[in-house]
Amino acid sequence: MLLSTKLFSKLTPQLPLDGEIYPKAKSDRRLAPNIPGRGGSRRGAHQRYEAELQVSVYDASEESAPIRCLSEDLSSSGMLLHWADDAPLPAEGQKLVLRFTMPPGTLPEGYESRVRIPADVVRIVEGEDGEKKVAVNFVRNLDNYLRLRKWLRLVATSVILLAISVYAVAYMRQESLFYFMFDVPVFTYGIVASVFLVSRFVFSFFYRNIPVDPDFTPGVTIVIPCFNEEEWIEKTIQCAINQDYPQEKLEVILVDDGSTDKSMERVRRIEKQIRKEITGDRFVVIEQPYNMGKRHALAAGAQHAKFELLVFVDSDSFLEPDAVREVVQPFRDPKMGAVSGRTEVQNKWTNALTKMQAVRYYVAFRFIKAAESVFDGVTCLSGPLACYRKDLVLHYLDEWLNQKFFGYPATFGDDRSLTNYILAHHRTGYQDAAVCSTIVPSSMRTFIRQQMRWKRSWLRETLRASSFMWRKEPFMALSFYIGFLLPVLAPLVVVRTMVVIPIELGLFPYKYLAGILVTSMLMSASYLLFKRSNLWPYGIVFCVFYLGVLLWQLPVAVLTFWKSEWGTRNTSADVAAQEKLRYEQKMFVMPSESAVAAGAGQPADHGKHGEG
């Protein structure tokens with residue numbers, strides 16, 4: 001049967017209002033259901049998501065013509081259907097067969113698939129306008145269905161690809177040894193790079209999460225710096241409040257850094273909800289007098305915090321309900337100074353650029369940071385989710401706020417910079433089970449600017465870390481220095497391999513390109529193994545994109561290391577705030593007390609999230 005005109009109009013593709021594609025979870029009637037004592041989310045393990053999907057409904061025999069319906073929401077256990085106006089209603093308890101397609105971004109990653117699944121009618125609801133809705137439960141949930149129909153096949157594929165990749169790496173390195181004397185620098189680089197890359201994956205498999213001790217619940221203050229983030233800030237605050245953590249041991253501080261949009265309007269709105277539904281003293285709002293920069297916002301929050309651990313969360317990042325409980329576990333070791341959680345890409349399905357970043361983020365966290373954590377030496381505690389001992393942050397606060405590099409103010413790379421202050425004398429770790437998701441750039445212009453900023457801060461902070469990393473565990477130290485030299489030398493190696501040798505000897509660099517393909521396949525296959533997702537080919541796409549575009553940012557970063565523009569944040573309001581600050585300094589007008597405490601002498605740059 002055909003869909004009614006009303007339902008057909010609902011099927012017209014609509015882009016999200018925010019322009020990003022990601023699963024839209026149906027909200028709970030309570031603001032923070034996961035706070036202990038509130039019974040948890042009424043959705044439980046089967047979170048429902050908004051999902052307008054065309055569904056073909058058959059009777060149990062599948063011999064009759066299908067009824068075309070539209071879903072309203074979907075979970076792993078069932079769905080709610082808008083029933084076609086001209087179709088007879090089923091009876092409660094009746095068995096049906098549903099056929100539908102879950103597009104990417106409907107449910108969490110890995111669920112995108114075509115589905116044919118039996119279901120039982122559990123409830124029929126009639127709306128005020130006479131519209132009929134039918135709730136159905138799947139005979140077996142989507143996890144079990146996809147495990148047999150899709151996930152086992154993807155895991156088997158990933159194992160085969162990993163085996164082929166490892167064999168290809170070993171074979172190509174064997175050939176490199178044979179041809180070693182023909183070009184010692186290039187083949188030495190290739191051998192070292194291959195060993196280094198494989199070692200990251202090998203050590204990551206030895207990584208283990210610190211198990212949760214339910215009795216270990218130190219006091220935690222979440223600090224959220226906010227600048228012009230009206231689109232996401234309410235969700236960020238709600239996720240921070242909605243933590244499965246003792247209520248009396250958790251506070252959330254929002255520091256508005258002179259926002260010029262409707263961010264504070266949104267903050268005050270959710271503040272009212274928190275005071276009404278929970279309690280006011282768990283949520284504190286600090287307003288900076290004007291835009292002073294992300295470091296100063298974090299500093300203001302740290303100075304106001306009443307608990308011994310600080311969790312820094314970016315204003316467009318969303319904590320999972322158990323993120324705080326997980327991220328504090330490594331602090332059972334008194335020598336642990338700070339810990340990074342894992343960051344997932346929230347808007348990974350928006351376009352090819354965000355899909356590439358999704359693979360890159362996962363590999364950077366689950367393999368690179370995990371390998372570093374084996375040696376208690378994570379070199380970048382990522383901005384979207386990182387936890388610090390407050391006493392250490394306050395100890396290094398003045399140096400961090402007034403940091404300079406070759407006489408120039410260091411105004412970005414806040415997370416990597418603070419990591420260096422902690423790492424120099426303490427351990428830093430990674431907790432893979434502490435998860436947040438973040439919004440990444442979906443436009444090429446913003447992404448390229450972000451990457452240039454990251455290259456400059458990586459160069460600056462890696463040079464700083466070089467002065468003390470030799471004191472760390474020997475293998476960790478060796479890995480660090482090799483990991484520094486390889487990217488620095490990479491542009492020279494590429495030019496020699498792709499340009500000089502073909503011109504001088506007339507040889508096409510097919511072996512070098514094959515090596516890039518094998519390396520990218522290793523990364524993509526690892527992603528496929530853990531995520532069971534159709535996004536895995538974008539790991540290969542990213543490696544090609546890196547070779548053709550991002551690799552060449554490093555020489556530019558070396559030549560322009562003094563630049564302090566944030567790139568993604570230089571709005572007219574930013575410029576005005578910076579000019580105001582410079583004028584006050586020139587005229588010897590003292591800023592407010594909070595500005596002095598935060599070190600307001602730096603340019604007021606502000607960013608969405610850290611380096612990852």
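His82 lies in strand E4 (residues 78–82), where helices (H or I, at least four residues) and strands (E, at least two) are DSSP runs numbered from the N terminus. This is a predicted model, in which local features need pLDDT of at least 70 and side-chain atom pairs count only at pLDDT 80 or more, while totals for chains, interfaces and linings use all residues. Residues are numbered from 1 along each chain as its sequence is written, and side-chain values use heavy atoms, with hydrogens and water left out.

His82 counts as buried because its relative accessibility is 7%; buried means under 20% relative accessible area, exposed over 50%, and partly exposed in between (1.4 Å probe, protein chains only). The side chain of His82 makes a polar contact of 3.0 Å with the side chain of Glu72, and another, of 2.5 Å, with the side chain of Glu131. A polar contact is a pair of N or O atoms within 3.5 Å; within protein, one must be able to donate a hydrogen and the other to accept it, and residues adjacent in sequence count only if both atoms are side-chain atoms.

In a regular strand the side chains alternate between the two faces of the sheet. In strand E11 (residues 309–312), Leu309 and Val311 point one way and Leu310 and Phe312 the other, and all are buried. Strands E8 and E11 pair in the parallel sense over four bridges, pairing requiring that DSSP find at least two bridges between two strands, and Thr221 stands opposite Leu310 in E11. E11 is also joined by four bridges to strand E14 (residues 386–389), in the antiparallel sense, with Val311 opposite Cys387 in E14.

Helix H4 (residues 233–241) has seven of its nine residues buried, so it is largely enclosed by the rest of the structure. What covers these buried residues, by contact (heavy atoms within 4.5 Å), includes strand E8 (220–226), strand E9 (250–256), helix H5 (263–277), strand E10 (283–287) and strand E12 (317–319).

A nonpolar core is a set of buried Ala, Val, Leu, Ile, Met, Phe, Trp, Tyr and Cys residues joined through side-chain atoms within 4.5 Å. Of the 60 residues in the largest such core, Val255, Leu310, Phe312, Tyr388, Val393, Trp400 and Tyr527 touch the most other members. Helix H8 (residues 352–373) supplies the largest share of this core, ten residues. A second, separate core of 38 residues includes Leu31, Ala32, Ile241 and Val327.
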